[in-house]
Amino acid sequence: MISKRLCIALLCVLAVVFIGYAQVSSKDKNAVSEKPATKQETTIPAAEGKDKKQEAAKPAADAKTPKQETAKPSSDGKTPRQDTAKPPTDAKPSKPALPYVIAADDFSNLQLPDTAHPVFDARMLSERISLGLPVSLPTLAPYRGPKTAYLTFDDGPDDEVTVTVLDILAENNVKATFYVTGINAATYPDTVRRMVAEGHAVGNHSYDHDYDRLYMSPDAFLYEMVQTDEILHDILGFRPLILRAPGGTFSHFTSEYEACLEENGYVEHDWNVSIADTAPGNPPAQDFIDNVIAQTADGKESAIILMHSSSGHQETAKALPEIIRVLRENGYRFGVVTPMTPQPW
Ligand SMILES: [Zn+2]
């Protein structure tokens with residue numbers, strides 16, 4: 001009897017185990033069947049993925065065009081070279097070259113063949129320091145080419161004289177250099193953008209031309225250079241490497257100033273021709289023309305000409321067409337100031 005009861009009990013246990021297994025296995029099946037449900041949940045991203053594929057299909061369709069072109073040569077056999085010559089003409093047909101050069105991170109591209117293009121740096125000084133990039137410029141061979149005149153306009157911009165000067169330069173197909181103050185650049189950012197868009201150089205001319213503050217110390221001078229860099233970088237997306245000390249370096253700079261600028265990658269240029277448009281008594285335009293003629297009569301190879309385009313200098317703008325004509329007549333071509341522009345002395 002006991003063995004029978006044991007057998008029945010064992011059978012019952014087996015039955016319970018079997019039923020339990022059957023339930024578990026059915027849950028597993030349900031679990032498996034849930035997987036597609038999770039897949040369905042992911043169908044939204046999948047659908048987005050399809051959209052991406054469709055988007056990606058567009059370039060693929062575009063990419064067929066070159067493939068079709070390359071398919072032709074294989075049928076001709078001899079024409080691959082002709083067809084491979086096509087892509088360069090198709091590749092970048094409508095992208096005009098930038099009218100300026102952006103300095104490489106290591107400053108390795110600043111030795112230019114001529115001074116036709118201005119140079120800017122997309123990196124702020126502080127950014128270069130924090131990234132461990134070079135800060136001081138490499139040694140650059142000064143440009144020695146045919147007689148070159150560098151028209152330089154200080155103290156702007158404004159929305160009147162500087163705009164007239166830009167119009168005259170455009171009419172005469174001449175590129176020039178504008179040493180702007182930070183305060184005026186911030187006031188007239190559109191004029192600064194126009195300068196760069198039309199191929200002119202922009203240089204740093206301090207924040208607001210305050211000699212007392214600027215020439216307190218090399219650090220005070222550097223502070224204003226950086227302050228103006230920030231304004232120009234906000235406007236343009238890059239900053240100049242060139243600057244002109246307000247009033248010139250003579251009687252303002254010591255060797256400490258020069259060392260400070262060199263250490264921080266700035267190149268200063270004074271001038272060797274002045275039209276004297278800040279002389280007292282509001283001299284007429286003809287005086288400015290005469291000054292250029294007199295000061296270039298020695299045939300100097302590199303004439304860096306000081307002018308002003310800030311508010312009130314209408315006579316400078318008035319003299320400009322004739323100054324350009326005279327310089328051309330005397331064999332000058334025009335360049336923009338870059339770090340490789342020779343010093344004026
Ligand atoms: Zn000035």
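In what order do the three strands of the open sheet stand? The views below take up this question and several others for a predicted model.

**Figure 1. Overview of the predicted protein model.** The protein has 345 residues, of which 30% count as buried. Its secondary structure comes to 12 helices and 11 strands. Of the contacts between residues at least 6 apart in sequence, 78% join residues that are at least 24 apart.

**Figure 2. The open sheet of strands S1, S2 and S6.** The three strands follow the order S1-S2-S6, and their pairing is mixed. The edges are taken by strand S1 (101-102) and strand S6 (239-240). Each of these has a single partner strand, so one side of each is left without a neighbour in the sheet. Strand S2 (residues 119-121) pairs with S6 in the antiparallel sense, and two bridges connect them. Within this part of the sheet, Phe120 stands opposite Pro240 in S6.

**Figure 3. The surroundings of Pro339.** Pro339 lies in the segment that follows strand S11 (333-334). Is Pro339 buried or exposed? Pro339 counts as buried because 22 C-beta neighbours lie inside 10 Å, where 20 or more are required. Neighbours within four places in sequence set aside, Pro339 is in contact with Leu110, Val119, Leu137, Leu140, Leu241, Ile242 and Val267. The view also includes Phe120, the residue that stands opposite Pro240 in S6. Although Pro339 and Phe120 are 219 residues apart along the chain, their C-alpha atoms are separated by 9.8 Å.

**Figure 4. Strand S3 and its partner strands S10, S11 and S4.** Strand S3 (residues 148-154) is mostly covered, with seven of its seven residues buried. Both of its faces are covered. Thr148, Tyr150, Thr152 and Asp154 lie on one side, Ala149, Leu151 and Phe153 on the other, and all are buried. With strand S10 (residues 302-308), S3 runs parallel, and seven bridges join the two. The pairing of S3 with S11 is also in the parallel sense, over two bridges. Ala149 takes part in both pairings: it stands opposite Ala303 in S10, and its bridge partner in S11 is Phe334. Strand S4 (residues 177-180) pairs with S3 in the parallel sense as well, over three bridges. Here the bridge partner of Asp154 is Tyr179 in S4.

**Figure 5. Strand S10 in its enclosed setting.** How many of the seven residues of S10 are buried? Seven of the seven are, so S10 is largely enclosed by the rest of the structure. Ser302, Ile304, Leu306 and His308 point one way from the strand, whereas Ala303, Ile305 and Met307 point the other way, and all are buried.

**Figure 6. Packing of helix H9 against helix H10.** Helix H9 (residues 218-236) and helix H10 (residues 255-263) pack at an angle of about 40 degrees, and their axes are 9 Å apart. Because of this angle, H9 is oblique to H10. The crossing of the two helices is right-handed. Pro218, Phe221 and Leu222 of H9 make the contact with Glu256, Tyr257 and Cys260 of H10. By class, the contact holds five nonpolar, no polar and one charged residues.

**Figure 7. Packing of helix H5 against helix H12.** The axes of helix H5 (residues 161-171) and helix H12 (residues 314-329) come within 9 Å and cross at roughly 5 degrees. H5 and H12 are therefore roughly parallel to each other. Which residues make this contact? From H5 they are Val161, Thr164, Val165 and Ile168, and from H12 they are Gln314, Thr316, Ala317, Leu320 and Pro321. By class, the contact has six nonpolar, three polar and no charged residues.

Conventions
Residues are numbered from 1 along each chain as its sequence is written. This is a predicted model: local features need pLDDT of at least 70, side-chain atom pairs count only at pLDDT 80 or more; totals for chains, interfaces and linings use all residues. Helices (H or I, at least four residues) and strands (E, at least two) are DSSP runs, numbered from the N terminus. A residue is buried if 20 or more other C-beta atoms lie within 10 Å of its own, exposed if 12 or fewer, and partly exposed in between; C-beta atoms are placed from the backbone. Two residues are in contact if their C-beta atoms, placed from the backbone, lie within 7 Å. Axes are lines fitted to C-alpha atoms, for helices over the stretch in contact, and angles run from 0 to 180 degrees between N-to-C directions. Angles under 35 degrees count as roughly parallel, over 145 as roughly antiparallel, 65 to 115 as roughly perpendicular and the rest as oblique. A crossing is left-handed if the near helix is turned anticlockwise from the far one by less than a right angle, and right-handed if clockwise. Ala, Val, Leu, Ile, Met, Phe, Trp, Tyr, Cys and Pro count as nonpolar, Asp, Glu, Lys and Arg as charged, and the others, Gly among them, as polar. Two strands pair if DSSP finds at least two bridges between them.
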